[in-house]
Amino acid sequence: MFTGIVEELGEVTAVENLGDASRFRLRGPVVTDGAKHGDSIAVNGVCLTVVEHEGDEFTADVMAETLNRSSLGALGIGSRVNLERPTAVGARLGGHIVQGHVDGTGTVLERTPSENWEIVKISLPAGLARYVVEKGSITVDGISLTVVDAGADHFTVSLIPTTLALTTLGLKQSGDPVNLEVDIVAKYVERLLASTQGAAQ
């Protein structure tokens, strides 16, 4: 489990096409400290498994399903990525419960800078809109954020200078894709309510 608190801004150093998958090599001195084969690291909000680790770099295999469902397929050498290790049991939950299972992708629609923050408007796939509510939580490229405004096909988030400086959202431009993971609690509530209503009929 992750919390959506990005530990560092890493970089893709190599991409190998494996046919129905890709192998990424990524640099991240913080997240590779003590890393070993089989560990999990979230890359732009996608939970990946460490295949190899050498120095401050690690490799991870990404299957076709993940490439198709997320924006990882758009990454190339030099791309910057948000990196986070799983949270330790008993640690503070700084963001919200994040699984690292991307529900879909959105697109940065517009950026509105202000003196001390920036409002970013992001498109929202129709199937995810029901899980996104004003002042609720959403994960964007692995970053735990609070929804400012929730529309039928978009939402907005307000970014503080720290988020702009230390994550990929400071680099994204209009038209760029982002990974989205909605709040897992909302999905469980929906499923439980559906089960309850079905049993009552």
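This is a predicted model: local features need pLDDT of at least 70, side-chain atom pairs count only at pLDDT 80 or more; totals for chains, interfaces and linings use all residues.
Six strands close into it in the order β1-β2-β5-β4-β3-β6, with antiparallel pairing, and from one strand to the next the twist averages 45°. Strand β1, residues 8–17, pairs with strand β6, residues 80–84, in the antiparallel sense over four bridges. Within this pair, L9 has N82 in β6 as its bridge partner.

N44 itself lies in the loop between β3 (40–43) and β4 (46–54). With a relative accessibility of 1%, N44 counts as buried, because buried means under 20%. Leaving aside residues up to four places away in sequence, N44 touches L72, L75, R80, V81, N82, D141, G142, T168 and N179.

Strand β9 (residues 137–140) runs antiparallel to strand β10 (residues 143–150), and four bridges pair them; here I138 stands opposite L145 in β10. The hairpin of β9 and β10 has two residues between the strands, and in it D141 takes a positive phi near 50°. Strand β9 is also joined by three bridges to strand β12 (residues 177–182), again in an antiparallel arrangement. In this pairing, T139 has E181 in β12 as its bridge partner.

Terms used. Residues are numbered from 1 along each chain as its sequence is written. Side-chain values use heavy atoms; hydrogens and water are left out. Two strands pair if DSSP finds at least two bridges between them. Axes are lines fitted to C-alpha atoms, for helices over the stretch in contact, and angles run from 0 to 180 degrees between N-to-C directions. Buried means under 20% relative accessible area, exposed over 50%, partly exposed in between (1.4 Å probe, protein chains only). Contact means heavy atoms within 4.5 Å.
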